[in-house]
Amino acid sequence: MKSSRTLGLVMIAPAAIMIVLFFLMPVVLTAVFSMTSMTTATGISGGVYQIAPNSLIALKSAIPDIAAEMAEPRYTIDEAGLKAVEGLGLAPGIAGELRAKHAGEVFTARRDVERMLKELADRPSTRDVKQISEQFNRSVLNTRFDSKEQLFSALDSLGFKLTPEQKETVAKVTYTGWVWTTDNFSRMTTSPDMARVLLNTVLYVALVLMLFNVGYALLLAIWTHYMPPTPASIFRGIWLLPRITPVVIYVMLWKWLAWDTGFISILMGKFGYPPKNYLLDNAYNAWFFVVLINGFIGASMGMLVFSSAMKAIPKSQFYASEVDGASRWQQIRYIILPQMRWPILFVTCYQTLSLLASFNEILLATNGGPGNATEVWALSAYHTALRNYAGNLEYGLGAAMALVLVVIGVTLSLLYLRVFNYGTLVAKPLIED
Amino acid sequence: MAERSQPSANYRSWPVITALTIVSLPLLLMYVYLFLDTVTVKQADALLPSGLTLDHWRFLWQTTEGKANIWQVTVNTLLFAACTTSLVLIVSSMAGYVLSRLNVPARGFFLAGVMVLHAFPSVTLIIAIFIVLQMIGLYNSLIGVILVKAAIDLPLGIWLMKGFYDTVPWEIEMAGVVDGASRFRVWRSLVLPQVKPGIMALGLFSFLSGWGEFILPQVLAPGNQVQVLSVYLAAFLADDNNYDFNMFKAVGVFYLVPVLIVYALFNKYLMNIYGGGSKG
């Protein structure tokens with residue numbers, strides 16, 4: 001009876017497809033993109049070859065004489081130019097003679113081509129010479145070539161004598177699309193900005209985790225534990241509000257509190273302090289609010305986990321301790337905390353990952369400011385790749401930064417699977433075939 | 001949830017209530033003023049309102065120049081949240097059952113994978129997803145965001161449903177199979193009703209998380225036609241000074257009230273998820 005296996009495959013297929021398409025594939029692609037130099041400037045599909053002024057600057061250091069030549073216009077007597085000359089409505093002999101005697105010739109200077117033109121049988125006037133010579137101006141500057149071959153054949157027809165290596169150099173420098181590179185990773189390891197962001201991230205995760213997700217959550221759980229049921233549930237309800245409130249409104253509320261027209265400013269104004277933006281005033285204030293904003297959200301999950309764990313402690317232990325005359329502090333110290341070890345470990349592990357990846361709140365509240373003070377890793381990746389002040393979005397570098405988070409995430413969660421004993425979770429299915 | 005949570009009657013509770021009230025004050029203040037400010041007039045430097053008004057709610061019948069129509073945006077949000085929810089519910093209730101009860105190849109691997117993905121910094125995928133959606137042309141369409149959001153919510157959904165299926169006694173299924181029903185039939189008419197609390201919890205969670213989702217629509221569908229409320233509000237918020245903050249708060253209340261209603265009615269179910277762990 002193999003029907004249950006077939007059914008299983010059919011029923012799990014949608015989930016598998018969605019996870020592969022929108023979860024695993026993006027992870028793989030993040031890795032792929034991180035090895036490229038993709039930016040807005042290069043585009044996300046292939047590029048073209050273009051000898052632009054900035055590529056000439058790059059060429060100058062590699063092959064200076066050729067770069068200098070490329071900067072100058074060249075004059076080639078080719079079919080397209082001859083057609084154009086015919087269209088000018090000059091004496092018909094001019095085009096004919098050029099085609100017969102000079103087709104394929106290349107002149108490196110305007111002076112040379114004009115001297116040649118003046119020696120033609122029809123002797124065009126100086127004005128006409130200028131007009132004709134213009135038809136043969138074949139500068140490679142700012143021309144776009146769709147492929148390497150087109151670039152090379154253009155260079156050949158213009159009489160540039162290049163060795164294959166030099167050609168490759170030109171192609172490399174003039175390519176406007178993205179290329180494979182490991183620059184992103186070396187930039188990440190060497191840039192002082194990145195070091196700063198890394199430090200911010202560690203500080204942010206550590207502060208929020210210690211102070212709120214674990215510390216304050218534990219305090220909340222213990223406080224509500226020692227309370228009559230009604231106020232306890234009211235307070236738990238209040239502390240769950242930040243979690244269920246859409247993040248945009250939640251951050252807006254903090255801004256209302258901290259802005260220069262906000263509540264704190266008005267309140268302090270009553271005591272004679274001038275209003276100011278407490279949120280973005282200086283780095284310390286910004287950090288204070290960033291930690292509070294994220295901490296208030298994080299406190300709720302810890303509170304729920306710890307509360308339910310405390311509820312599971314047998315009441316008799318509390319009664320017994322009271323008979324022995326234990327103070328409330330002694331109850332907390334010797335009964336509650338020792339039995340909280342496992343939940344605390346769980347919350348710490350779990351929230352580390354959540355905090356590492358979360359940046360919505362910081363994005364909306366300070367956007368990494370003032371300066372770069374509250375820019376954390378995830379936010380920085382977002383800024384680099386998707387919302388850049390400079391306007392040039394560096395997809396490749398951003399993907400590389402995201403990849404770092406992905407690697408940390410996978411490593412940590414595999415570690416957690418170990419710690420929290422994955423084996424018991426994958427017990428054999430209840431009914432087999 | 002709170003019944004008999006008191007460990008003993010030996011202690012006075014007013015000191016902790018006072019302490020907790022003080023630390024909860026900023027939160028209370030923010031939420032109370034959020035509602036208050038939308039229906040009252042207040043002088044610029046006053047702490048207390050001086051009169052009632054409905055003027056801040058005029059966005060309901062007036063569309064601001066250059067902004068999307070609020071009803072269009074609301075419909076988009078609803079559509080986004082509802083589609084994501086149904087997708088997550090259907091897909092994860094099937095996959096969860098398979099992982100809990102049926103013997104498929106690579107089951108353990110799949111289960112571990114789901115665990116890892118669930119604890120995964122999913123927002124970091126957004127860069128790759130952005131580039132892919134641009135390539136395939138689903139950028140700036142609701143369908144793209146819905147699929148992505150549903151996929152990101154799936155690991156939690158599958159994991160949660162698996163947990164709920166695990167608690168269903170397998171005699172129920174045995175009975176069905178013995179009576180000659182197919183496994184699919186057994187799942188649909190016998191097992192599924194047993195995990196209603198799980199479906200409830202996951203559905204509510206999905207809906208709330210879709211309703212509040214910000215970064216995905218912001219990046220993947222910022223256009224006026226497909227804008228959702230969070231993006232609409234964030235545009236206000238980014239524009240530092242030139243707006244009517246009270247009207248902005250009114251839009252916020254308009255956006256928040258459905259959440260609060262859902263939460264007030266169904267928080268029993270939701271606790272299953274928030275206790276077990278969502279991100280944040």
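The structure is a predicted model. Chain B and chain A bury about 10600 Å² between them, and 77% of that buried area lies on carbon and sulfur atoms.

**The interface of chain B and chain A**

- Chain B brings 115 residues to the contact, and chain A brings 111 residues.
- Between chain B and chain A, the number of salt bridges is 0.
- Polar contact across this interface is found for 3 residue pairs, with both residues at pLDDT 80 or more.
- On the side of chain B that touches chain A, the most residues come from helix 1 (residues 14–39) of chain B, which gives 15 residues.
- Sorted by class, that side of chain B holds 80 nonpolar, 23 polar and 12 charged residues.

**A nonpolar patch on the surface**

- Four residues of chain A, namely A:V28, A:V32, A:M35 and A:W180, form a nonpolar patch on the surface.
- Together, these residues have about 380 Å² of accessible area.
- One of them, A:V28, belongs to helix 1 (residues 3–34) of chain A.

**Salt bridges**

- Side chains of opposite charge can pair when their charged atoms come close.
- Over all chains, the whole structure has 11 salt bridges.
- A salt bridge joins the side chains of A:D112 and A:R115, with a distance of 3.9 Å from N to O.
- Both A:D112 and A:R115 are part of helix 6 (residues 110–118) of chain A, where they stand 3 residues apart, about one turn of the helix.

Conventions. Residues are numbered from 1 along each chain as its sequence is written. Chains are lettered from A and ligands numbered from 1 in the order in which they are written. This is a predicted model: local features need pLDDT of at least 70, side-chain atom pairs count only at pLDDT 80 or more; totals for chains, interfaces and linings use all residues. Side-chain values use heavy atoms; hydrogens and water are left out. Contact means heavy atoms within 4.5 Å. Buried area is the accessible area (1.4 Å probe) that two parts lose on being put together, summed over both. A polar contact is a pair of N or O atoms within 3.5 Å; within protein, one must be able to donate a hydrogen and the other to accept it, and residues adjacent in sequence count only if both atoms are side-chain atoms. Helices (H or I, at least four residues) and strands (E, at least two) are DSSP runs, numbered from the N terminus. Ala, Val, Leu, Ile, Met, Phe, Trp, Tyr, Cys and Pro count as nonpolar, Asp, Glu, Lys and Arg as charged, and the others, Gly among them, as polar. Patches are made of residues with over 30% relative accessible area and no salt bridge: like charges are joined within 9 Å, nonpolar side chains (Val, Leu, Ile, Met, Phe, Trp, Tyr) within 5 Å. Accessible areas come from the Shrake-Rupley method with a 1.4 Å probe; for residues, only the protein chains shown count as cover.
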